[in-house]
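Subject: Structure handover

Hi,

Here is the structure I promised to pass on. Please look it over first; my notes on what was found follow below.

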Amino acid sequence: MLSKRMALVAGPLGHLTLPGIALALIYGFDVSLGAFPFVILGIILIWLFEMRTKLPMEALTAIVFSAGVAIAFLFLPIEQAETALVGDITELSLKEVIITAIFCLLVFFVIKKIYPQIILINISEDIARAEKINVKKYNFLYLGAIAVIVALGVKMVGGLLTAALVAIPAATARNLSKNLFQFSLSGLLLGMISSFLGIFLFKIMGFPAGPLIILMAAFFFLVSLIFKKI
Amino acid sequence: MAESILKVKNLNVKLENEEIIKGLSFEVKKGDVLTILGPNGAGKTVLLKTLLRLLPYRGEIHWLPEIKIGYVPQRLPFIKDIPMNVREFFELKKASGKEIKEILDSVGFEENFLNKKIGELSSGQFQRILVAWALIRNPDVLLFDEPTTGIDIGGEETIYGLLAKLREERNLTILLVTHDLSVVFKFSDYVICLNKCPICQGIPKEVLTLENLSKLYGEEVKFYEHHRH
């Protein structure tokens with residue numbers, strides 16, 4: 001969606017959801033519901049990590065990824081591993097779809113509201129603070145929005161691929177855009193089109209939808225490289 | 001006598017256990033141009049950020065109440081990662097279309113510049129955009145942090161010409177950071193020489209003596225007088 005930082009944060013958050021998804025699959029409740037407490041844990045971890053250390057976010061991604069996978073596989077039956085890792089769209093009920101849509105709209109409006117402040121903070125915290133923007137508050141809202149998106153994303157593409165669902169359409173949009181308006185619009189459209197085509201291919205080919213969606217997104221990214229101005 | 005817009009008393013800034021600024025006191029009068037001169041790493045940028053209350057400090061900083069401050073940072077390295085045009089950059093500050101056009105005009109850009117991508121501007125153009133950005137909402141004071149490198153040839157000349165013009169037009173008080181002596185002589189009323197500790201301060205002609213400059217930059221300085229305006 002927005003920036004490099006967001007893609008970096010989505011990585012550890014996505015992987016952290018794996019134990020939550022595992023629990024949800026074993027006890028048969030909503031995957032996003034299982035993922036959510038772990039996403040909250042992830043936000044606290046990221047917050048501590050940024051406050052206490054100067055390590056790059058990639059280090060956290062690596063640690064959390066391996067720990068998340070390890071914990072999930074401690075108790076998750078191997079037959080259900082695929083669902084946890086790459087999602088299973090056939091499990092979705094109409095009710096779940098509606099709830100997901102409501103949360104998506106909510107996040108959309110929150111992001112729309114805080115967009116100028118978040119962009120300014122991404123450009124430079126100094127000028128944002130000189131403009132009397134409460135950087136902590138907006139960073140918290142921003143992280144919260146990412147957390148909700150990740151928790152919803154695991155339903156569609158699983159704990160392994162959610163970060164890609166967040167990051168790839170944004171990277172493609174960046175390659176194609178000359179301004180912020182094009183950037184946010186094309187990011188949105190690319191995410192939608194990739195999901196739509198992925199699900200369509202799943203219907204006709206029968207491969208799991210999650211990986212197909214990510215592959216479509218990756219395909220558009222490759223195409224965008226051709227158009228990218230050097 | 002013009003009224004005092006900023007009073008700083010015994011300012012100390014310590015970052016990660018290193019003393020960056022020690023025992024600095026000065027005063028800025030309305031309409032003045034104050035230059036902070038010093039070598040790289042002398043604490044000039046830190047001083048500006050401290051005056052903006054972006055960094056923790058000990059001592060006293062008193063701005064005139066209700067004063068509006070515009071800040072031109074040294075550089076914004078991450079801005080080129082974001083696809084954004086000039087108009088959108090100004091809209092982040094909630095500027096109206098009319099205000100943006102007026103300000104672009106006063107820093108010498110045509111209206112069609114609004115659709116240029118920020119990442120495609122030259123360093124000199126970008127610096128002028130930053131000045132214009134800081135001037136949105138008519139600040140009383142401009143804090144200008146000079147980039148140490150990377151301005152296109154001729155760019156430095158025009159930016160100080162531009163600042164002089166804006167000062168006249170808008171009745172600005174300017175605090176600027178530089179390592180360039182000629183800027184001080186041409187452009188400023190008051191100078192603070194800073195190399196962690198304040199070395200000297202006063203009217204440039206009086207305090208920028210060979211002795212003080214040697215203290216500021218080390219012994220190697222060759223002193224040459226500039227044309228005095």
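Start with the core. The largest nonpolar core has 129 residues. Val39(A) and Ala217(A) have the most contacts inside it. Such a core is a set of buried Ala, Val, Leu, Ile, Met, Phe, Trp, Tyr and Cys residues joined through C-beta atoms within 7 Å. Buried means that 20 or more other C-beta atoms lie within 10 Å of a residue's own; exposed means 12 or fewer, and partly exposed is in between, with C-beta atoms placed from the backbone. Helix α7 (residues 135–176) of chain A gives the largest share of this core, 21 residues. Helices (H or I, at least four residues) and strands (E, at least two) are DSSP runs, numbered from the N terminus. Chain B takes part too: domain 1 (1–67 + 158–229) and domain 2 (74–139) each supply at least three residues.

A note on conventions. This is a predicted model, where local features need pLDDT of at least 70 and side-chain atom pairs count only at pLDDT 80 or more, while totals for chains, interfaces and linings use all residues. Residues are numbered from 1 along each chain as its sequence is written, and chains are lettered from A and ligands numbered from 1 in the order in which they are written.

Back to Val39(A). Leaving out residues up to four places away in sequence, Val39(A) touches Leu13(A), Leu16(A), Thr17(A), Ala147(A), Val150(A) and Ala151(A). Contact means that the C-beta atoms of two residues, placed from the backbone, lie within 7 Å.

Next, the contact between the chains. Chain A brings 20 residues and chain B brings 17. On the chain A side, α5 (94–123), α6 (125–130) and α8 (180–205) each supply at least two residues. α5(A) gives the most, with five. By class, the chain A side has eight nonpolar, six polar and six charged residues. Here Ala, Val, Leu, Ile, Met, Phe, Trp, Tyr, Cys and Pro count as nonpolar, Asp, Glu, Lys and Arg as charged, and the others, Gly among them, as polar.

Now the domains of chain B, whose bounds come from an automatic or database domain assignment. The C-alpha centres of domain 1 and domain 2 of chain B lie 26 Å apart. Five residues of domain 1 of chain B are in contact with six of domain 2 of chain B. Helix α5 (residues 155–170) of chain B gives the most to the domain 1 side, with four residues.

Then the strands. In chain B, three strands form an open antiparallel sheet in the order β2-β1-β4. β2 (18–29) and β4 (58–63) of chain B are at the edges with a single partner strand each, so one side of each has no neighbour in the sheet. Strands pair if DSSP finds at least two bridges between them. β1 (residues 4–15) of chain B and β2(B) share eight bridges. Ser4(B) has Lys29(B) as its bridge partner, and Leu6(B) stands opposite Val28(B).

Last, β8 (residues 190–195) of chain B. Five of its six residues are buried, so β8(B) is largely enclosed by the rest of the structure. β8(B) pairs in the parallel sense with β3 (residues 33–37) of chain B over four bridges. There, Ile36(B) stands opposite Ile192(B). Five bridges join β8(B) to the antiparallel β9 (residues 197–202) of chain B.

Best wishes
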